[in-house]
2 protein chains.
Amino acid sequence: MNNLLSPKSVAVVGASDRSGWSNSALTNFEKVGFSGDLYLVNRRGGIVHGHQAYASCAEIGAPIDLALLLVGADTLPAALEDVAAAGISTAVVLAAGFSETGDAGHRAQEQIVSLATRFGITLVGPNCLGFVNMLDKVAAWSAQLPPLMTGSVAVVSQSGATAHTIAAFAGEQGIGVSHVVSTGNEGMLDTVEMAMLLVDDPRVRSIAMFMESIRDPARFCTLARRAASLEKPVVALKVGSSVLAAEIAMSHTGALVGDDRLIDTAFAQYGVVRADSIEELVITAGLLAHTGPLPEGGLGVVSMSGGACDLIADRAENLGVELPGLAADTRLRLSEVLPNFCTVRNPLDATGAASADPSLFRDAIEAIATDPAVALTAAIHVLPTEERGDRIKQRLEIVAPAFAAAVGRTMLVDQTISVIDESTVMNMDSIGIPYAINGIHHMVQAVGHAISWSKWLRKDRGEPTTSGDRIDVDTTAAWSEADALKLLSSQGVPVVQHRHVTTQEDAVVASAELGFPVVVKLVSPEILHKSDIGGVMLNVDSEDAVRLAFERVEAAARSVPEATMDGVLVSTMRSGGLELIVGVVVDPQWGPTLAVGFGGIWVHIADDTALRILPVTKSDIAEMLSELRGASLFAGARGSKPVDMDHLAGTILDIVNLAGRLGDQLLSLEINPLRVDGSTIEALDAAIEWI
Amino acid sequence: MNNLLSPKSVAVVGASDRSGWSNSALTNFEKVGFSGDLYLVNRRGGIVHGHQAYASCAEIGAPIDLALLLVGADTLPAALEDVAAAGISTAVVLAAGFSETGDAGHRAQEQIVSLATRFGITLVGPNCLGFVNMLDKVAAWSAQLPPLMTGSVAVVSQSGATAHTIAAFAGEQGIGVSHVVSTGNEGMLDTVEMAMLLVDDPRVRSIAMFMESIRDPARFCTLARRAASLEKPVVALKVGSSVLAAEIAMSHTGALVGDDRLIDTAFAQYGVVRADSIEELVITAGLLAHTGPLPEGGLGVVSMSGGACDLIADRAENLGVELPGLAADTRLRLSEVLPNFCTVRNPLDATGAASADPSLFRDAIEAIATDPAVALTAAIHVLPTEERGDRIKQRLEIVAPAFAAAVGRTMLVDQTISVIDESTVMNMDSIGIPYAINGIHHMVQAVGHAISWSKWLRKDRGEPTTSGDRIDVDTTAAWSEADALKLLSSQGVPVVQHRHVTTQEDAVVASAELGFPVVVKLVSPEILHKSDIGGVMLNVDSEDAVRLAFERVEAAARSVPEATMDGVLVSTMRSGGLELIVGVVVDPQWGPTLAVGFGGIWVHIADDTALRILPVTKSDIAEMLSELRGASLFAGARGSKPVDMDHLAGTILDIVNLAGRLGDQLLSLEINPLRVDGSTIEALDAAIEWI
């Protein structure tokens, strides 16, 4: 498997002078300088592409590492049989007409996969363009290749056309790729498995992925953990954030598209950088392949244009990228270097003076790049393209020594995005400029990702505690609020004082015991949203009012034909404090997740919830609480008591652990609201649902 | 003034073989093909750039339209004197060292401006690079010009370096410019005035502006209105933030507003498109210059890649760009054209079949481009660059007829951003492809702007009513809540039942009259935020409680040394309903503004306010209410009554008109909360501040 992407001998099956795919594949092998053995197979034999073709793989009579199958869907089974007969264990399948075309195609694909499995053949595809390995000079790629540079960014994409676009864009941005892999319909290997094959290669320094779906979240996490342990970034463009894209992806490669917020959460938790455009994907992966993990600190900027500084300052604030203040020492150095009328700050406008005297620009870059608060420095200047001629090259030769002051952490940045072609890269090499990005807008974004990812790598993530023993409960029947509160209470989660009673008079007694005012709520396993049907009476403040409330709740229950009423809950009426919503929801793909947010009607407006995939630590929960836009309310708003945050995080962890002990039939455990008032924390309502 | 940018004779003052500026200027005049009279002036005379130079402008002895002054700041006064002596009425001033360098420079600039004014000279600059007029072939530009194409986008920028960057990027995107103007320190003419000179030119079809500040909002509005009346878009990249935020933040609503939000509001109200990057600025201005106002409808997309469709769908949803569903007729046409396995939708993936058969791609484009719901169609395909050779050109020749089906509303779009050079534009011209954009990500953004701007143009904006007669009030002393409520009430704005009393016993009597529970609030002109110091007692439900509340409020007042207590307000305690915040705040730059949002502690979390610069119509206010994220609450949430929206908008308009009648000493009038419950609307608290 590890050699799948570096075959030394390849059979091109379905080779034909009349096939564009075949012509492209042959041209590509030549273009990348494949030095292994290449065999052409055409069932009619004869001369193909100027060489004698074999009628079958079996006829070749030499060991072959990979078969590139250019044949159509109809002859694919026969081709696989021949591949097996020749003892070839890996095949790239171009043929389309499988799961992307609907149910019949899906069944056809299953047959192909089971055939390959029986023959012991590992399939790439079907419906894929294959792969290019620039490092080992293999191009099992059946379409025209764009101009590529060899480097350390591995590109993995479900879509072959998009793999092409990504690779072409990298080529246009002076970013070298190690591999370009398309997985197509992913009959056997998906993008995550391909990335797993690439991540350990020491020559691969970052992975750029294009994904329509994450088929196996557990495997995705394994990849993310492996990449993190090697300090290699995974940058992923995961489409399907819109409803429409989710539909398209279904028909495109037959992929399932997950809930987008959960994808965001998973990426953030596992340190995978999420990009929203091909430009962002490539520029970020390229930068991170160059820098690796950055030290602590922000972005330093030296420019000759005030306008560029304005643009960078706005963009950085917008994306939350820090432009740190400079150390006293740096400020002193800069004030010695710069003319009086320059203002010493970051971003630094070295003005036209730096244009007139490039050594001034050099000294300013060096001062900022070596500032302890600066992790990465951008020198804003046009690139030494051939068209710009010798004047720019000569100027940059004076500036270049500054790039050695903070190796791997200083780059040249042109203001707008353009092309960085091979001649520009060669000019940079000869001048001594190790890295460049085109476009302030894209640069700040990529730097933001690089800084966040590096911070994520440095973070101490701790060990989540395990939940403890399974609690044995009846998961076959629907649970009422009373059932849920009883369980919470029995397991040490604080619950508001309440009585579960079945008669009007018991309700009166209970309310007298609890003290007025009380809340009277319908208990019915069939009705989850009691308040929507008038099943919740708040502020009930006398015995008569309790009787009336009981009758109204009964009437509400009768309004729902299929519902059974199991009496009422009488509980102490609370007011003031903050209302949170705490839910453990089991996602069919990602498993148990935790959502924490502010409750009440405002939850819909504020859209202010934090989300994590479980397990989590108590400090993860504290982090979630601090992420809420309304987090300042915890400090005590308008006279309310400050919340005991440690106690709150601990209580939420208790709820999470309780959910973990309820077994795999749990669908959701939701507390809404969890009332928080100073150090008083209690569940006012709860619901448990089973699968 | 109208001929400022199209001089027929120019004197270059400070021309010298040793000056880079001078060399650049001469080269530029030649490059653009200036056919007027060009005179070189050097005080030493002699041969400059191979021509006989004049020692002064006065010596030339011919009528001259423009002086391009390349002299330094020190000799500028003498040069202006010479310019005046020669009867030249316009001068472009390159010299730096003025207001950009601080106070002394600022004074020097004022002297230069008053000198020019005295001489009757209109100045461009100082500290500017000048201007280029591609249409009339004038290049009074004193730096190296990037490669430019002639077209209909006028570029206006304060920063000369940024003007250069914008123009260069336009040149790299195949977008032709009509003018490139830099205004520098704007001693006399700012970007808005320059844009005013350009907007009436029928050859100018859009204006791309880079601004660090809007010096005169009224003039900016005049420009916006003029451009709108001509149906010409103004696209502006406004960087930085103004110094005025602090003043605005003096009152509570002001703190919610913020300076940059006001710019956003002004742009949205006056139909100016706001861009955040140079790429967005140029690509949007280029597209709009090509299309002009679009008909109603959304974006249609035809691609050969499912990945591209995914990306477009995500990006469009993210930016709120509509990808309309297709008409039955269009669907039928497409199903006849496309292979069975294609899914008929928008965005359309015509699959590899369209690559194999370009006529299929053509027919699909034509079907979508002529759909009644589609305003603009993007055909996703690589561009016919020279490097891609004849194969792509031939394919596009087959496709091109589709572009004629919806003239000016169909374009070619490459997936990622790259360069569209002159040879590509020429290839497009010869093939018959009228427009192209590079990069899906940038395209969707530009299309979104084009659709929104066109919608704005079509909107019936109505006529705001005038406020009515001035109300004579004492604006010299600070006003308490009681003063504010009294005014509101006297002017017909509904206010909660309340009594202003000064003794404990009167408070008891008042509360008995109003009925329990009541609210007891401190009245003090010096204390605006009463609740922060414990000056508000809610839910006071007995006579004893009123006495206690009075004492507590007294204590609260004593805790603020400089405050005087003017008794208490006793008002009916309200609960339920929705709480809004309505504020009229006078911005020192933009004048009176209206902010409407949800009130209470949640206002800080939800960050959910709508903002307008006054005047507004009632339907503007209705629109503001509908913009709030929590707008669904108006329909009645969790059993509360639906709000009478017409009544609410009317009440807010009454508040706005009342504010307008309070004269120009008003700083802010804020009602927080304005309680809304069904058709019951009343102010529970109000504050008025004077300048």
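These are my notebook entries on a predicted model with chains A and B.

**Entry: how the two chains relate**
I superposed chain B on chain A and got a rotation of 180° with 0.2 Å of shift along the axis, at an RMSD of 0.3 Å. That is the relation of a two-fold axis. The same surface serves both copies, as 82% of the contact residues of chain B recur in chain A. I then looked up the contact itself: 56 residues come from chain B and 56 residues from chain A. Between them the chains bury about 4,700 Å², with 60% of that on carbon and sulfur atoms. How many salt bridges cross this interface? The rule finds 0 between chain B and chain A.

**Entry: salt bridges**
The structure holds 56 salt bridges over all chains, and I went through a few of them.

In chain A, R388(A) pairs with D414(A) at 3.6 Å, N to O. R388(A) sits in the loop between β17 (374-380) and α14 (389-399), and D414(A) in strand β18 (residues 410-414), so this pair ties together parts that are 26 residues apart in sequence. R388(A) is partly exposed at 30% relative accessible area, whereas D414(A) is buried at 10%.

D544(B) counts as exposed at 58%; R547(B) is partly exposed at 25%.

R612(B) and E623(B) also meet in a salt bridge, 2.7 Å from N to O. Here strand β26 (residues 609-613) supplies R612(B) and helix α22 (residues 618-627) supplies E623(B), so parts 11 residues apart in sequence are tied together. R612(B) is buried at 8%, while E623(B) is partly exposed at 26%. I also noted a network joined by shared partners: D190(A), E193(A), D216(A) and R219(A).

**Entry: core and a buried Phe**
The largest nonpolar core has 234 residues, and M443(A) and M443(B) have the most contacts inside it. I listed partners of M443(A) beyond four places in sequence; among them are L299(A), I312(A), M411(A) and V413(A).

Is F98(B) buried or exposed? F98(B) counts as buried, because its relative accessibility is 2% and the cut-off is under 20%. Its place is in the loop between β6 (90-93) and α3 (103-119) of chain B. F98(B) touches residues including A73(B), L76(B), I112(B) and P126(B).

**Entry: annotation**
The unreviewed UniProt entry annotates residues 485-521 of chain A as "domain: ATP-grasp". I found this span to be 46% helix and 22% strand, with its end C-alpha atoms 13 Å apart.

Key. Residues numbered from 1 in each chain as written. Chains lettered and ligands numbered in written order. Predicted model: local features only at pLDDT ≥ 70, side-chain atom pairs only at ≥ 80, totals over all residues. Heavy atoms only, no water. UniProt positions renumbered as here; feature names shortened; annotations may be inferred. Helix = DSSP H or I, 4+ residues; strand = E, 2+ residues; numbered from the N terminus. Core = buried A, V, L, I, M, F, W, Y, C linked by side-chain atoms within 4.5 Å. Buried < 20%, exposed > 50% of the residue type's maximum accessible area, 1.4 Å probe, protein only. Contact = heavy atoms within 4.5 Å. Least-squares fit on C-alpha atoms with pLDDT ≥ 70 in both. Buried area = accessible area lost by both parts, 1.4 Å probe. Salt bridge = Lys/Arg side-chain N within 4 Å of Asp/Glu carboxyl O.
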